[in-house]
Amino acid sequence: MNFNLSELIVVAPLFWLFIASIVPMTVKAFRDGQEMNPFTSLMYATFGLVGAAALTLSAVKGFWKISGLNFVEAFSRAIVIDGITVWGSYIIFVVVGFCLFLLYDSKETRDKLFSEHIFLVLNATIGMALVVMSNNLIVTFISIELMSLSLYLLIALNKERLLSKEAALKYFVLGGVGSAILLYGIAFIYGGAGTTNLQEVGELAAQLFENNVFFRFGTILTCVGFAFKISLVPFHSWAPDVYQGAATPVTGIMATAVKVASFIAFLRFFLYADFYDLNSDQFVWFMQWLAALTMIVGNVAAIMQDNFKRMLAYSSVAHSGYAFMAVIVASFGTDSDAGVTSLMFYLLSYSIMTVGTFALVVVFEKSADTVLLTTDLKGLSKRSPALALGLSLLLFSLAGLPPSIGFFGKFYVFSATIEQGFYWLTFVGVLSSIISVYYYLRPVVVMYMMDGEGFEVRKEAFFSRSIVVLSAIGVCVLGLLSSRIFRFVQSSITESL
Amino acid sequence: MLLSSLIFLPLLFVVLVAIAPSWLAKPITLVSTIMHFLFSLMLFKHFDPNTAALQLVEKSPWLKELGVSYFIGVDGISFWLIILTTFLTPVVVAASWSTINKQVKAFHISVLVLEAAMIGSFVAFDTILFYVFFELSLIPMYFIVGIWGGENRIYATMKFFIYTMVGSLLMLAGIIYLIFQCDVQLGELSASVLDFYRLDLTFVGGTFMSPQNILFFVFCLAFAIKVPMFPFHTWLPDAHVQAPTGGSMILAGVMLKMGTYGFLRFVLPMFPEAVAVWTPLFMGLGVVGIIYGALVAMVQVDMKKLVAYSSVSHMGYVILGLFTMNLYGLQGSLFQMLAHGISTGALFMLVGVIYERTHSRKIADYGGLAKALPIYAICFLIVTFSSIAVPMTNGFVGEFLILFGTWQAAPVYAGFAVLGVILGAAYMLWMVKKVFFGEDGEVIKKYPSMPDMNLRELLTMAPLIVLIFWMGLFPGVFLKYSNKSMENLVQNKEEYRIKLQSFRTTELPEIGDRREF
């Protein structure tokens, strides 16, 4: 164990985030429990995120320049900062930033315990930022727990609402089971490989997987544990209830930033492993079935939802399936760069679209008990054309229609899978995205083609409305620029591997 | 830059319409689409009909990492379809002048976006670019049917959208496969359709699972749904009946042609062995479509539905002609596409004209209309003649060429297809008789002083009628432009290539040279 003080600079963004997160709470403590002005708290938190993003970039640039390599390792190789880390943490920071504004806009969170919300969200962000830079299974586990614990509390924070309590309990129990399985798997992997460092595990993985029954067991258990976290079918059953029960901005964080972080953790687990020359392809089949089932079940279940938030929850499950196809390519394909790049691009596109749609839900939530049904969007095209157009663009993008970014996300994932010869998986992906067209278009039908009066647009939810419009513009503009973005992601990732 | 400006000018007009006050939306769109049409006539100046080469090429890389580029051009196959699109759009705008009264701006924006997407898909020579435009054209049509349509519009528009998506998403997967095949066989990722032509796709007779066979069916499905070919036609009557007049006109006039164009551009040249093997199936489905469409049209009580089923029947001819793979059949198909675009567009417009006055489309409600609306009756009769292929009208030329080609390729199919001509005459004339002659129908009693066609409607109708006769009397003028390209396709069906013609160069580089433009 050699410890170098300069290594602290690598994790400086996390310290910075933590300091920013405690400010509103501390002030509250010194004021006898009187809240700070919510807007000031919000500004502190945003400042924290911007600072963390800037620190990440400068630390990375500095270290990369000094070492001449495109990655830094710290704390005995437990932490690595490479292209994936930078992209992952940037997506997370941006998305969490958007969600902070949603927290401010949502009545449910702003009026009650706002500083606690800020504290927990930023601490969850620390967890996520740590997940994406972790290079060691133990660090991964601890950071996932940090993230999850903050989330359990965030969901339970609304004490009066029954659904929120139910959701918190469900998430706590099932999340706990998932974490336990994950830890159990890590223990077996350690038993088989003698190390928890991902790179070292990866070098031995294929050989151990064939020869060592404990290692095989551990790998499968770890996969299952991660599958809980990214809500792959059949480990998805918590997702819809939890997404529905949590306050909408919190759901936004869970559906985007948390998912991005968990996906990257899963990716890292496979990235260094040379599973592509396994002799048995049972493992590949297992993974492919997970992806295929996720896409089918997620999309089919989403068709039956009338509740807009639940529909988004199932759609988010389905999107996990698409992104997981990219993970499969990265782990079992010969060209892992294609998988990694398309995964990062997909996560980017998915996060933008999803944040926008959750922001729309916040626009309509008058109180904590508001349930937004799809039919409540009636006549929105007349009352608020900008919002209606924005939501339509987001939904078209989620459905994967060109030339939005959602289309290119799917296009890159499908091209990665076809290139690596996963034909039937691609076929399932294509078919299930046809199913998805049906439910993504239904809100558009309701908004534009049905007459009647739906919910009022909350005038005071200025930030949420701007986020809907902003992300809709982003979806189109980034879609047209997707080639540049993809190449940028590609160069920053491939050069660091 | 001519073709690019053809695609993107409508999008510029969209901005104009969006910022203008809504009472100006109609005039602005009409004037700008007419100007766009006149602008598109510049193609005649720059297009050289004496070569099969790809002309007015523009190419620049787009998604470099997958070999996708912004690659557009025009050849004999797409030339007339582009003109047809730019010609029909102002007609559509004029025809929907009085029917579209709510959300006027949004309607005209949709029409303009649709025009851009349709032109884009006709000029795209990069498959992914084609796919993007092909899909993009769905969205405005979805809104046109869904917002301004009839009673059952939501069902119709969803059905239309999802049907088309099924085919095109599978095609996307096929395209991606072919892109990587380019890497394997030609050593470079490419999505250009010219490179796809050069691929040698394995075809094993007797088994379904050979790559060429699967790709053939994947592409066919996408286009067969769009055309629509016989078993996949069920979305069409719904969409047509529910769509507003303008929507039906675009749908029948241009959007269906995107399907047959897809056959001509992608399926026939790319999969020669599979085409040879499956020709009987497709010709058979074409004939079934002709007869089935005609028979179903016969029993319709709704005028619009009758016209919709007649579309199914006419598109059956196009499919039949395409799969003959001889010059007469292919030329006839292309001519039939144009003729059908004009005559069915005109029919839908005429049905819309009368519906506006009486709010009824039931054939049984009418009778004796010829006395009340003489000018309307004359127009309707002329268009009907075109639709049932009376000589001297454009419908005749197309169907005659197709039947001629089919007779050469497979006489049996020609024998059955001729039945369709007779049936077509039967149902159309039956409708004309019921609607225009005989006892006065209910609607005449209800609206005794119906106005005849007004000046706007006549002016909208006039170019269509002029074209019906012009194309019927001088088909050579029109066929001349596509002749070379079709000859090239027929003569080289095994090894199809298109050469590139860059500006003002006499020496034609082979596409294999990979010259940068």
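Chain B and chain A bury about 3100 Å² between them, with 81% of it on carbon and sulfur atoms; buried area here is the accessible area (1.4 Å probe) that two parts lose on being put together, summed over both. This is a predicted model, in which local features need pLDDT of at least 70, side-chain atom pairs count only at pLDDT 80 or more, and totals for chains, interfaces and linings use all residues. Residues are numbered from 1 along each chain as its sequence is written, chains are lettered from A and ligands numbered from 1 in the order in which they are written, and side-chain values use heavy atoms, leaving out hydrogens and water.

**Where chain B meets chain A**

- Chain B puts 32 residues into the contact and chain A puts in 34, with contact meaning heavy atoms within 4.5 Å.
- The rule turns up 1 salt bridge across this interface, where a salt bridge is a side-chain nitrogen of Lys or Arg within 4 Å of a carboxyl oxygen of Asp or Glu.
- That bridge pairs E65(B) with R487(A), and the closest N and O atoms are 3.3 Å apart.
- On the chain B side, β1 (55–63), α6 (127–136), α7 (138–148) and α8 (153–186) each give two or more residues. Helices (H or I, at least four residues) and strands (E, at least two) are DSSP runs, numbered from the N terminus.
- α8(B) gives the most to that side, with 15 residues.
- By class, the chain B side splits into 25 nonpolar, 3 polar and 4 charged residues. Ala, Val, Leu, Ile, Met, Phe, Trp, Tyr, Cys and Pro count as nonpolar, Asp, Glu, Lys and Arg as charged, and the others, Gly among them, as polar.

**Inside chain B: domain 1 against domain 2**

- Chain B is divided into domain 1 (1–163 + 236–260 + 498–517) and domain 2 (278–497), with bounds from an automatic or database domain assignment.
- Their C-alpha centres lie 23 Å apart, and the contact takes 38 residues from domain 1 and 39 residues from domain 2.
- The two domains bury about 3300 Å² between them, 74% of it on carbon and sulfur atoms. In domain 1, W80(B), V241(B) and T260(B) lose the most area to domain 2, together 19% of what that side buries.
- α4(B) gives the most to the domain 1 side, with 11 residues.
- The axes of α4(B) and α22(B) (residues 475–491) come within 7 Å and cross at roughly 145 degrees. Axes are lines fitted to C-alpha atoms, for helices over the stretch in contact, and angles run from 0 to 180 degrees between N-to-C directions.
- G76(B), I77(B), F79(B) and W80(B) in α4(B) meet residues of α22(B), including F478(B), Y481(B) and M486(B).

- Most residues other than glycine have a negative phi, and most peptide bonds are trans.
- V233(A) and P234(A) are joined by a cis peptide bond, with omega about 5 degrees; P234(A) lies in the loop between α10 and α11 of chain A.
- The bond from P402(A) to P403(A) is cis too, omega being near 0 degrees.
- D32(A), not a glycine, has a positive phi of about 55 degrees.
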